[in-house]
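Subject: Structure for you to look at

Hello,

Here is the structure I said I would pass on.

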Amino acid sequence: MTLTLNVQHRLGAFTLNADLTAGKGVTALFGRSGSGKTSVIRIIAGLTKPDQGLLTLDDTVLADRAKRLFTPCHKRHFGTVFQEARLFPHLTVEQNLHYGRWFSAKGNRQADSTTMIDLLGIGDLLKRRPEKLSGGEKQRVAIGRALLSSPRLLLMDEPLAALDEARKAEIIPYLERLRDETKIPIIYVSHSISEVSRLADQIVVMKDGKVEATGPAAEILSRPAFTAQLERREIGSILSGSVAAFDGTHGLATIRLREVILQIPAASAAVGRAVRVHIPARDVMLATVKPKGLSALNILQGYIADIVLSNDGMAMVHVDCGGDIIASRITSLSVERLELASGKPIFAIIKSAALDPY
């Protein structure tokens, strides 16, 4: 499946001018609030007619303003999950799911229902009404309802944005199973780097209504320039590697990057599995000589690739460690005192990192 979109649309003072292609797997539309992500997904869903442009799915034209062609949303056979679950309050979970199954092909209804209920872990919820469900449970039911319509494409517009961190942690594994087991193409809108790094195969970075970058997730996430799109607390490095070993006694995974090794806390990790590592820039210290007697497990040797000063008295220092770039956010005063400059040998001391299997 290949979805191609090249549209222009104006909404008040905001102008969308987007050109993108999405294929199999999970394509994440990533960017800060107001970047145009939801406008794009509404056009794909058929909820908004673009002022100009073309939208196609394989050889089928869904919207072409020049030819005055527009396929309404109910004929596109796409499933949509919003920030809010939008379940019918007067129906039970089972009845809400039946509503989605009503749009499915008759021959597959029972099989699909059984499979999806098991996939999403909602078998024990079938007789409950929505008011008796947690936020995470509601979203799992909403996803199940969308899947039971047998969609050609699943659209997810920040489905975890309304949930607290505990509920997000609860539902992310179900989304990973959904990606891996259903093989339904997904377009996933989010401004959360943790969600995107765990789920996305492809990433489309949006800014001010335009596509700023697009490509495989591992490639986009590893670019130092990508950090400009992150919230301050998330700014850092996202690196791809594999699990070289797992120490169950101490709960530590040994991750092999290009040339260096990291040890990262993890409840479990399968040796050989591909992983992404998120290292917040605020948790990376720098030293001009190798330190001793520290609790930090990861002290990596490298050289300074570049230094970017900001107006708030801080600096972003990018350290090249065997081809992997690790970002460190320190004060400009520290840059001066350590006499840091591009090309200078340096040690990066990593205080914490998050491991995301994919």
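**Arginine 258 and its partner**

Arginine 258 is exposed, at 59% relative accessible area. Please keep in mind that this is a predicted model. The side chain of arginine 258 meets that of aspartate 324 in a salt bridge, with 3.7 Å from N to O. The two residues are 66 apart in the chain, and the pair links distant parts of it: arginine 258 sits in the loop between strand S13 (252-256) and strand S14 (261-265), while aspartate 324 belongs to strand S19 (residues 324-331). Aspartate 324 has a relative accessible area of 6%, so it counts as buried, the cut-off being under 20%.

**Other salt bridges**

How many salt bridges does a search of the whole structure find? The count is eleven. Side chains of opposite charge can pair when their charged atoms come close.

Aspartate 180 pairs with arginine 179, and the closest N and O atoms of that salt bridge are 2.8 Å apart. Is arginine 179 buried or exposed? With a relative accessibility of 11%, arginine 179 is buried, whereas aspartate 180 is partly exposed at 37%.

Arginine 86 forms a salt bridge with glutamate 84, and here the closest N and O atoms lie 3.9 Å apart. The cut-off for a salt bridge is within 4 Å, so this pair is counted. Glutamate 84 is partly exposed, with 42% relative accessible area.

There is also a network of salt bridges, which links Arg140, Arg167 and Glu170.

Most residues other than glycine have a negative phi. Two residues to look at here are glutamate 158 and lysine 183, each with a positive value.

For glutamate 158, phi is near 45 degrees. Glutamate 158 is located in the loop that runs between strand S8 (153-157) and helix H5 (165-182). At 8% relative accessibility, glutamate 158 is buried.

For lysine 183, phi is near 65 degrees. Where does lysine 183 lie? Its place is the loop between H5 and strand S9 (186-190). Lysine 183 is exposed, with a relative accessible area of 63%.

If you look at one item in each group, I would take the pair of arginine 258 and aspartate 324, then the phi of glutamate 158.

Regards

Note on methods:
Residues numbered from 1 in each chain as written. Predicted model: local features only at pLDDT ≥ 70, side-chain atom pairs only at ≥ 80, totals over all residues. Heavy atoms only, no water. Buried < 20%, exposed > 50% of the residue type's maximum accessible area, 1.4 Å probe, protein only. Helix = DSSP H or I, 4+ residues; strand = E, 2+ residues; numbered from the N terminus.
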